[in-house]
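Okay, thanks everyone, let's get going.

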Amino acid sequence: MPEIVPVSDNLARPMVIALAGNANVGKSAVFNQLTGVDQILGNWPGKTVERAEGTLQYKGHRIRVIDLPGIYSFSTYSMEEMVSRDFIALEKPDIVVDVVDASSLERNLFFTLQLLELEAPLILALNQIDLMAKRGICIDYEKLERTLGVPVVPMVAIRGKGISELTEQIMRLAGQRRKPPEIKYGREVEQRIQEIAGRLGKIKIDYPSRWAAIKLLERDERITKLVAEIDDSIVQAAVAMAEELEKIHGESSSVVISAERYHVAEEIARRVQSFGNAGRSPTDRLDEIALHPVIGYFAILGVVGGLLVWTFIIGDRISELLIEILSPIEQLEPMVSGPLEDILWNGAFAGFVAGLTLVIPYVVPFYIILAVIEDSGYLTRISVMLDRGMHKIGLHGKAIIPLILGYGCNVPACFGCRIMETPKQKVLAAFLVTLVPCTARTVVILGLVAAFVSIWWAMALYVFDIALIILLGRIAFKVVPGESVGLIMEMPDYHVPSAKVVLKQTWARTKSLLWVVFPAYIIGSAVLQVIYAAGWLDLANDALRPITVGWLGLPSAVGILLIFGLVRKELTILMLAVIFQTTNFASIMSPVQLIVLALVTMIYVPCLAVILCLAKEFGWKKTAAITIFEVSFAILLGGVAFRLLLIFF
Amino acid sequence: MPKEQVEEYIEAIFDIAGKNGTAKTTDVAKRLQNAPASVTEVFRSLADSGLVRYEPYRGATLTEKGLSSARKIKRKHRLLEVFLAKILRIDPQKIHEEACKMEHSLSDEVGDAICKMLNAPARCPGGKLIYPCDKMIATCNECLKANDAADKAASVMQRKIVPITDLKPGQKGIIALLRGSKKVIQRLSDLGLTPRTEVILMRKTPLGGPIELCVRRTTLALGYEIADNIFIEAQKDA
């Protein structure tokens, strides 16, 4: 047992370790195990979009742990790749844990080699060795360790296996910043790398010179620009060499170098792996169904439809139950008097009750099933099956993932649009996500239409919404400039969803929602009471009267609702109850009015949180465009619907 | 027999029979508006030049040589269609007919030059695939960059390459050429689809949906348009 070297004492900068690796290899599972933080897990590539940070406590040491997004390469293909390479090269974490999927060693080693080029102080966490064994693959860990010159820790992170070994390795190696071994490529490429690296060694750049040399040969725009500013002659030489390589191989130099890395990865994998017999995998058999040209579509309909129906049925039950429990307390209401108590009781408590009875019952069941679907790996199959259809709206199958997440909450769904490749596709997907009715809007649709008109009209609104998404998607695809690329996605094996992961996930999501929802509910509804008491309500309502009454045919009190709906959509229905002092909405509005209100609420921008999220992702200009469009479109549509619906009722 | 007639026949057989099947005499006769008897005669003479295999009463099947010359004509035809539609802005109704007339007199050199000028288009205006040329290059970018005629003369070696979408599920192949934007090619090679790597087609989805393939023990789903531009040397079924 090697002695554990004490690392940075409390005065020095805290030790930093980074988790890096391909998408969907279990980085977040390792992260959660190390830090106890609940980072979202799921079985589809591209979940971790922001780098997550947590703290590992070990024998009195506090260590910062950074979970980098999953990437396949350090090119400039995506923001994530650039962020990750700069983090490793410039912020120089004490240890980089390269999380590797043991069952696809070759592809993962391709990335490991690039980490070595970056001179990252590596530990290889060979994850999912249970899956590897199931696939009939055997890896000689010691041989791998010797070949790479990097410590290897076999593990099953999701079950905590190998975590303490990993922690010990981290502590043992952290003090000593070793230079990792250099991997030599084929002569043709290697000679050129060394020549340029030699020249780069003489100038001062922040990146390791061998890595920068490779990047110059790959014609990496960023590094080329950086070096050109210092010594353009090196860039000239590198370009000439890149051209030579291109001439020899007839491919672009970056492809030549990728092929070279893969060649080395292949060689290492071949030396350390042996293969037994593994019959047809369960994944293959399940895919016979999930990707079947006919049955596959029924499966999607069943799963996604089931998700929504389950949410409605279970939500309805829980909601009823909660209302029953809470109703005796609520009846105390008339006994409260005085302006301050009025505000507190009528506002805050009503808000609390509404939050409890409307949001939680529908959100929690949705999140549970969503977590099951996510964890199983089925989302990627839906992507494949619907790819063709998504092309019609300028996107591809991957976009279905944020769209489905959108039914839960638009905020994570908007961030999820980062899995799309080009800026155009990201904006397009995020725009369509904002049109997906999240649980908050579902509550409004159910609370107004399903409860007081009929469930079928509520369904009709959903179907209409999907049609609208397709239509607007097609138009936006034509209007928005930019490039679109097709589907390129890794297909993970199916997992049996683990109850622990599902429950943790549901809890993490519900918790973050609770933190936003309850304060918003309680404060929002109290503020409304104040406005009401001050008599400002009528002012706002009067200002909006031409739209609400004149065009949409709604009661004038709706004006303030729509304004508050901007904060959170559920407030619409809650405030309706507060303003009219009843939850029997049929007594205050006609069916047509209920449907129109639900329709407008469904379409005019999701909420403040989503607007902020869009602004963060795409800037204020695009966000304003989306917001203004959706508000005016919703009003236009609402007025037309009002006039058309009068025919039916 | 004049070159133009030979090419028209080969095209007709290619269209009617597809890649492996046989074109019936009557079908070819109907398409070219010729008497079946004279079609039979042409079939025999094509068979003599090694372009087709002819079986009386069944029809003609393209040989490897015939197939490659059919692809060459199709390539020229479709390139011309793009050229006529995009550059000359000819009425879309007329481009097929015009291209039909022009294709026979178009030399390989001029065809390749048009390909280069149009940035190596993947499809004709009607959406049909444009087959790559038979030069020994691995990506079209190289040709687009290189302007000297020297490397063009390099090798006119015949390679039996097909888009990966032409494989049957379970069939293996070696990647020969990647076509597409720089970004897509980079991503594909990062995922392990580097030239001369073995791939297995796992599954196709109907109506031009994505394909699933296995490379380096990982499974990837690729959109049809992307897969269509990955050309491979096919091997026998696994």
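Helices (H or I, at least four residues) and strands (E, at least two) here are DSSP runs, numbered from the N terminus. Arg196(B) is not a glycine, yet its phi is positive, about 70°. Is Arg196(B) buried or exposed? It counts as exposed because it has 11 C-beta neighbours inside 10 Å. The cut-offs are 20 or more other C-beta atoms within 10 Å for buried, 12 or fewer for exposed, and partly exposed in between, with C-beta atoms placed from the backbone.

Quick housekeeping. This is a predicted model, where local features need pLDDT of at least 70 and side-chain atom pairs count only at pLDDT 80 or more, while totals for chains, interfaces and linings use all residues. Residues are numbered from 1 along each chain as its sequence is written, and chains are lettered from A and ligands numbered from 1 in the order in which they are written.

Chain A averages 84, with 89% of its residues at 70 or more. Where pLDDT is low, the predicted coordinates should not be read in detail.

Next, domains. The bounds come from an automatic or database domain assignment, which gives chain A domain 1 (15–174), domain 2 (187–275) and domain 3 (295–489 + 499–648). The centres of domains 1 and 2 of chain A, over C-alpha atoms, are 25 Å apart. Between those two, 21 residues of domain 1 are in contact with 22 of domain 2; contact means C-beta atoms, placed from the backbone, within 7 Å. On the domain 1 side, α3(A) gives the largest share, six residues.

Now the core. A nonpolar core is a set of buried Ala, Val, Leu, Ile, Met, Phe, Trp, Tyr and Cys residues joined through C-beta atoms within 7 Å. The largest has 210 residues, and Ala125(A) and Ala598(A) have the most contacts inside it. Helix α25 (residues 591–603) of chain A supplies the largest share of this core, ten residues. Apart from it lies another core of 17 residues, including Ala23(B) and Leu51(B).

Last, where the chains meet. Here 37 residues of chain B are in contact with 33 of chain A, and α8(B) gives the largest share of the chain B side, nine residues. There's strand pairing too, which takes at least two DSSP bridges between the strands. Strand β9 (residues 488–490) of chain A and β7(B) pair antiparallel over three bridges, with Ile488(A) opposite Leu222(B).

Key: pLDDT is the predictor's confidence in each residue, from 0 to 100.
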